[in-house]
Amino acid sequence: MTSVLTLVPPGPVLLTVAVLIALTSRRAGHALGIFASGAAVAWAWTVPAGAHVRATFLGFEAVLLNVDEFSRLMGLIFAIIGVVAVLYSYASEAESVQTAFAFSYVATSFGAVFAGDWLTLLFFWELMAVTSTLLVWHYRGEAVRAGFRYALLHGLGGTLLMAAVLGNYVAKDTFLFESVPGGPETAGIVAGLPAALAAIGIGVNVGFIGLHAWLPDTYPRPHIAASVFLCVFTTKTGVYGMYRAFPDGHLAIAYMGGGMAVFGATFALFQNDMRRLLSYHIQSQVGYMIAGVGIGTALSQAGAFAHVFNHILYKGLLFMTAGVVIYRTGEENLKKLGGLAREMPLTAAAFTVAALSIAGFPGFNGFVSKGIVISASHYDFAGGPLALGGRTTLEWLLLIGGVGTFMSFIKFGYYAFFHGTSDATVADANRGQSVAMVSVAALCVAFGVFDGALFSILPFDVTTDAVVSHEYVTYTTDHVVEGVALAVLGLIGFAVTKKPLSKLGRVPDVDSLYNPAVFYGTRALVVAVTELYAAVDRAVVELTRVTMGTATDPQAAVQRAGSDVDIRFGIGRSVLVLAVVTAVGLLVLFAV
């Protein structure tokens, strides 16, 4: 059994399943997706650490399967959410083709996190962008333009990552990761330009501030079931890629994570569209993970991946609850909802569990993993420019992000479920949706109460100071008081800002700057290229006319031009224009 497990990389197998989902009936296809995801859970749990499959890929040595504790954790949570997401898709009337695109997205994500070299990871990274774009486009309508912008940004990010990988290859003469047999002595992407390109390229996927606008632009557009898949894989695979690129961390990445936590929570608070609010909170929560990677210690990296695991659960649950509200009411705007807790008690209860989990309230899974990262920012990170009250600057950023998270989800719950009364009778989630939501909600509570279950799958043991710098204990008095204090501050903050926020219109983000810039810049480029072509055409025609005229009837040419000087000037001018245009064209070609 072990030999079979270690010889079959999961990505290609799951891609085959995705094709079968599209070709079979809707019922059989979704059943196959659920079964395959369940089998992937078992595979990720039982495949032995150190298993790897070597191959030659594009003429280079590659490792198509590399199992360590980081990739195992990613595979487990990807497969678990795959089971419930496919079930939710079936219950939410998703078409077979849509679920096939979604499952191919799952498959390519598996391929990326189980890769043992940069070339294989990059190959599946780009396939992730393709499959997720197809998943968005399948819904048509507004999703098409959003998907196009999504594809452009991820194409740019992938290109930058490719440049980084090539620079790393030049320095190390291999694409292999350090952790596989025969890999280089040093892990990660080499310092300098390759590291900078990798940070920006991966930063697109994880939603660095300024590179994040594709998240709230894209994720609210497609089918409600598609959003459940989308909220999971791209950003979390990005966190995994950031760890592989910077296994020892980086100061700038840590602070970027802290900034993301605050920025995303702040902009989420401004939103009235449910899925747009949730999308900004993907950026905020991924900020905690990126901060953990940036700190670069065993404690922080364990916290980052614990938060990856937990975030996938509660964020998937939040998108499912929002999807059920949309499915039953047809409404996405919080201001047009209200009183749904009486009409949809199960959905309201599932939302409450997910909201308390993402906010990090004691007793829920987010409290455990967020606490590890914050603990690392306290014990393993320099004070920074705004260290106050015995807390580091990064720690303050993460705590402020926590207050903003409570405020955002108090707002969501207040307007959707607990404020006012519903104008109509609204059915609760159907059976399949209920099973999916209750299952994930149970896991959010289980990993919050039984924190040892989460600790057992982390890459480092956070409960012993023999491994980490400071032994982590979840339920201490200080930690519980801190979690409750953040909740109280969030409640007060929402009460104070509720009225101003209700009058607030749509707050512009960076895409309000770069979308027009790209549009008009592209149009200017098209005009410039067109005019350049016209100039080349005129120069060639002029040169040909003068040359032919001179060759066939030199005397007449002299008379028409007035003198030999004019002929030489005309020919010289045409040659000069042609030479300049040719040089500019070659420069553009080589630059591209």
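Two aromatic rings of Phe, Tyr or Trp are counted as a pair if their centres lie within 6.5 Å. In this structure, which is a predicted model, the count by that rule comes to 32 aromatic pairs. Two of these pairs, described in turn below, show how the planes of the rings decide the name given to a pair.

The rings of Phe-57 and Phe-123 have centres 5.1 Å apart and planes at 75°. Planes over 60 degrees apart count as edge-to-face, so the pair of Phe-57 and Phe-123 is edge-to-face. The partners come from distant parts of the chain, 66 residues apart: Phe-57 belongs to strand S1, residues 52–57, and Phe-123 to helix H6, residues 118–137. Phe-123 has a relative accessibility of 38% and therefore counts as partly exposed, the class between buried, under 20%, and exposed, over 50%.

The rings of Phe-351 and Phe-412 have their centres 4.8 Å apart, and their planes meet at 25°. Planes under 30 degrees apart count as stacked, so this is the name given to the pair of Phe-351 and Phe-412. Because Phe-351 lies in helix H15 and Phe-412 in helix H17 (residues 393–418), the pair ties together parts that are 61 residues apart in sequence. Are these two residues buried or exposed? Phe-351 counts as buried because its relative accessibility is 2%, and Phe-412 is buried as well, with a relative accessible area of 1%.

Aromatic residues also gather in a group. One aromatic cluster is formed by Trp-43, Phe-78, Tyr-105, Phe-110, Phe-114 and Phe-233.

Helix H15 spans residues 345–359, and its axis comes within 9 Å of the axis of H13, with a crossing of roughly 150°. H13 passes H15 in a left-handed crossing. On the side of H13, the residues in contact are Tyr-314, Lys-315, Leu-317, Leu-318, Thr-321, Val-324 and Val-325; on the side of H15, they include Phe-351, together with Ala-350, Ala-354 and Ile-358. By class, ten residues of this contact are nonpolar, three are polar and one is charged.

H13, which covers residues 298–329, also packs against helix H16, residues 365–379. The axes of H13 and H16 are 8 Å apart, and the angle between them is about 155°. Angles over 145 degrees count as roughly antiparallel, and H13 and H16 are therefore roughly antiparallel to each other. This crossing of H13 and H16 is left-handed. Among the residues of H13 that meet H16 are Leu-299, Gly-303, His-307 and Tyr-314, while H16 contributes residues including Asn-365, Lys-370, Ile-372 and Val-373. The contact of H13 with H16 divides into eight nonpolar, eight polar and one charged residues. Tyr-314 of H13 takes part in the contact with H16 and also in the contact with H15.

Most residues other than glycine have a negative phi. Which values of phi do Glu-93 and Asp-173 have? Phi of Glu-93 is near 65°, a positive value, and phi of Asp-173 is likewise near 65°. Glu-93 is found in the loop between helix H4 (69–91) and helix H5 (96–113). Asp-173 is placed in the loop between helix H7 (142–172) and helix H8 (193–206). Glu-93 counts as exposed because its relative accessibility is 56%, and Asp-173 counts as exposed because its relative accessibility is 58%.

Key: Residues are numbered from 1 along each chain as its sequence is written. This is a predicted model: local features need pLDDT of at least 70, side-chain atom pairs count only at pLDDT 80 or more; totals for chains, interfaces and linings use all residues. Side-chain values use heavy atoms; hydrogens and water are left out. Axes are lines fitted to C-alpha atoms, for helices over the stretch in contact, and angles run from 0 to 180 degrees between N-to-C directions. Helices (H or I, at least four residues) and strands (E, at least two) are DSSP runs, numbered from the N terminus. Angles under 35 degrees count as roughly parallel, over 145 as roughly antiparallel, 65 to 115 as roughly perpendicular and the rest as oblique. A crossing is left-handed if the near helix is turned anticlockwise from the far one by less than a right angle, and right-handed if clockwise. Contact means heavy atoms within 4.5 Å. Ala, Val, Leu, Ile, Met, Phe, Trp, Tyr, Cys and Pro count as nonpolar, Asp, Glu, Lys and Arg as charged, and the others, Gly among them, as polar. Rings of Phe, Tyr and Trp (its six-membered ring) pair if their centres lie within 6.5 Å; planes under 30 degrees apart count as stacked, over 60 as edge-to-face and the rest as tilted. Buried means under 20% relative accessible area, exposed over 50%, partly exposed in between (1.4 Å probe, protein chains only).
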